[in-house]
Amino acid sequence: LARTGKSVGAVINYLHPDDEAYAFSGRYLCSPSLVRHPDGYLLASMDVYAGMNPQNLTLIFRSDDEGESWHYVSELFPCFWGKMFIYDGALYMTGVSTEYGDLLIGRSTDGGKSFSHPECLGISGSPPHLMLHSSGALILTYGRREAPFGERIMISRDGGKTWSPERMVMEPVPDSMDWFSVCDPAVIKYGEYYYIGYTSTVFANGGGVCNNGFIGRSKSPEGPFERWCGDGWGETRETADGTLHWQGKPAPVIYYDEDWHNWGAGEFSFVIKDETIYIYYTWTSKDRDGNPIHETRVATADITDENWPGKVIQQGVAVKRPRGGNDSYDVVYCEDLNKFIALSTDHRFSENSVLAVYESDDGLRYTRVNNIKVNTGWMCHNCGISGDRHHHRHQWQPRFPHHPQDGGRHRGYR
């Protein structure tokens with residue numbers, strides 16, 4: 001599937017492949033952020049990235065005609081992986097000083113033309129994401145891609161002036177089967193628990209191979225998450241100070257048991273329907289003749305059983321993915337259609353990347369029914385689609401398909 005002629009949508013900014021104006025930071029326009037200012041106009045930001053470069057500049061553009069045209073406003077230095085948000089009528093930008101650098105936050109009262117001196121939060125993370133809670137609190141989440149690994153959270157109740165100490169939401173468990181990483185999360189809620197599925201491996205230097213799928217649970221999205229340990233949730237130990245219950249050493253719920261040189265299993269997506277949880281996961285391996293295996297498999301369990309991760313029933317292959325460039329699947333149940341709908345990126349990290357749409361009547365076997373190229377960017381990968389706590393879609397809900405985009409040699413940001 002290809003499209004020629006005029007680009008889809010309005011081009012906010014463009015950086016020519018031979019333009020070295022921002023070479024001190026990078027060469028590609030990446031990490032988009034978009035907000036509507038209280039005065040009605042739109043603001044868009046993007047950083048200037050290139051591997052092994054300083055990566056420390058963010059550009060801000062403005063539209064006064066609902067995105068039809070854009071003009072330059074300002075630039076922030078240092079700022080990378082920036083995210084804009086509006087709080088109490090003012091524009092804020094949070095970002096890092098460079099890749100894996102210090103977390104920074106700045107404030108603008110003139111629509112992004114100028115910013116206050118950035119406040120350094122004294123910690124490093126990548127990339128930062130902000131959410132304004134209904135209580136008025138600002139929730140900042142970020143990860144660490146260097147030791148100590150993990151997902152973290154900080155909270156501000158005064159508009160970003162002060163912040164709580166950082167809190168670890170989830171991190172690898174030392175000397176366990178997830179000790180190297182916690183990544184590719186999927187979250188669902190049933191009853192009083194949030195369940196998180198994630199991917200990990202014990203191979204620190206293998207290039208992300210031999211992955212398994214794990215599950216944790218918590219009564220709060222902030223954690224802590226106790227792990228499924230094979231025979232129950234967490235572990236209980238008798239100590240000199242009495243009985244201690246802790247998160248435990250996790251056991252895989254989906255265990256990869258083939259050649260360790262291959263990627264393995266993981267990248268969960270969950271759906272709950274009629275008290276059954278559908279567990280979708282990637283399986284990437286090779287057969288005995290060395291031919292590649294690219295599959296999305298499905299398993300089920302009775303979600304009403306507290307120990308359901310120990311009673312998972314394998315249901316086989318949901319989709320045979322046509323190639324390794326056919327990415328992980330995110331699945332929802334559409335109540336108005338009475339169908340399961342899966343979304344994935346095909347031809348990932350390429351100029352021909354598209355969103356592939358699949359459907360199923362029973363949640364076990366899927367058929368490809370459509371490709372979406374319009375309003376998708378170049379170099380897409382790892383797409384997803386929003387749903388409610390059971391990952392259902394309703395006709396009255398807004399739909400939020402989403403995907404990262406790599407700059408590649410097409411450096412326009414749309």
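This report looks at a few strands and salt bridges in a predicted model.

## Ground rules

Local features need pLDDT of at least 70, side-chain atom pairs count only at pLDDT 80 or more, and totals for chains, interfaces and linings use all residues. Residues are numbered from 1 along each chain as its sequence is written, and side-chain values use heavy atoms, with hydrogens and water left out.

## A buried strand and its hairpin

Strand β19 covers residues 264-273. Strands here are DSSP runs of E with at least two residues, numbered from the N terminus. In β19, 10 of its 10 residues are buried. Buried means under 20% relative accessible area, exposed means over 50%, and partly exposed lies in between (1.4 Å probe, protein chains only).

Strand β20 (residues 276-286) pairs with β19 in the antiparallel sense, over 8 bridges. Two strands pair if DSSP finds at least two bridges between them. Lys 273 has Thr 276 in β20 as its bridge partner. The two strands, β19 and β20, form a hairpin with 2 residues between them. Asp 274 sits in the turn and has a positive phi of about 50°.

## Arg 297 and its contacts

Arg 297 is found in strand β21 (residues 292-302). Its side chain joins that of Glu 295 through a polar contact of 2.8 Å. A polar contact is a pair of N or O atoms within 3.5 Å; within protein, one must be able to donate a hydrogen and the other to accept it, and residues adjacent in sequence count only if both atoms are side-chain atoms.

Leaving aside neighbours within four places in sequence, Arg 297 is in contact (heavy atoms within 4.5 Å) with several residues, including Tyr 280, Trp 283 and Val 317.

## Salt bridges

The structure holds 14 salt bridges. Each is a side-chain nitrogen of Lys or Arg within 4 Å of a carboxyl oxygen of Asp or Glu. In one, Lys 311 meets Asp 305, with the closest N and O atoms 2.6 Å apart. Lys 311 is partly exposed at 48% relative accessibility. Asp 305 is also partly exposed, at 21%.

Asp 346 and Arg 323 form another, with the closest N and O atoms 2.7 Å apart. This pair links distant parts of the chain, 23 residues apart. Arg 323 is partly exposed, at 30%.

Glu 359 and Lys 339 also meet in a salt bridge (3.5 Å, N to O). Glu 359 lies in strand β25 and Lys 339 in strand β24, so the pair ties together parts 20 residues apart in sequence.

Methods: Helices (H or I, at least four residues) and strands (E, at least two) are DSSP runs, numbered from the N terminus.
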